[in-house]
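Dear colleague,

Please find below the structure that I am handing over to you, together with its sequence. A summary of the findings follows.

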Amino acid sequence: LNGKEYKITKIADNAFKGNKSIKKVTIGKNVTSIGKNAFNGDKKLKTITIKSVNLKSIGKGAFKNIAKKGTIYVPKKLTKKQLKKYKKMIKAAGVPKTVKIKKK
């Protein structure tokens, strides 16, 4: 922004809620938290790539009502314990059961 670079560390509550045009999102490596309902109702959102290995929380409903045939990619370098934690957070965020979670 105006020649300055900022590190995004959080996606706010309701940030992209109900967006009708987003089809894919990349969540950067510095993000530690995704707010509640951040992507809720983004029905065309099919691909979410999470690059952060330091994600601490995903708010309730953050991925509720996204595309049913989507994929969420998590970092390849996650340990088994981290992967389990990420999957638990993602599922608790309301992601449709048909969405796949894969390492990338």
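**Findings**

Residues 24 or more positions apart account for 55% of the contacts with a separation of 6 or more in the protein chain, where contact means heavy atoms within 4.5 Å.

As to provenance, this is a predicted model, in which local features need pLDDT of at least 70 and side-chain atom pairs count only at pLDDT 80 or more, while totals for chains, interfaces and linings use all residues. Residues are numbered from 1 along each chain as its sequence is written, and side-chain values use heavy atoms, with hydrogens and water left out.

The protein chain contains one helix and seven strands; helices (H or I, at least four residues) and strands (E, at least two) are DSSP runs, numbered from the N terminus. Along the sequence their pattern is β-β-β-β-β-β-α-β. The radius of gyration of the protein chain is 13 Å, close to the 13 Å that the globule rule gives for 104 residues, so the chain is as compact as a globular protein of that length. That radius is taken over C-alpha atoms, and the rule is 2.2 Å times the number of residues to the power 0.38. The C-alpha trace spans about 40 × 35 × 20 Å along its principal axes.

Of the 104 residues, 40% count as buried (under 20% relative accessible area, with exposed over 50% and partly exposed in between; 1.4 Å probe, protein chains only).

An open sheet is formed by three strands in the order S1-S3-S5, with parallel pairing; two strands pair if DSSP finds at least two bridges between them. Strands S1 (10-11) and S5 (57-58) stand at the edges with a single partner strand each, so one side of each has no neighbour in the sheet. S1 is joined to S3 (residues 33-34) by two bridges, and Ile11 stands opposite Ile34 in S3.

The largest nonpolar core has 27 residues, and among those touching the most other members are Ile27, Phe39 and Ile90. Such a core is a set of buried Ala, Val, Leu, Ile, Met, Phe, Trp, Tyr and Cys residues joined through side-chain atoms within 4.5 Å. Helix H1 gives the largest share of this core, four residues. Leaving out residues up to four places away in sequence, Ile90 touches Ile50, Ile58, Phe63, Ile72, Val74, Val95 and Ile101.

Finally, Thr49 lies in strand S4 (residues 47-50) and is buried, with a relative accessible area of 15%. Beyond its neighbours within four places in sequence, Thr49 is in contact with Val25, Thr26, Ile27, Tyr73 and Lys104.

With kind regards
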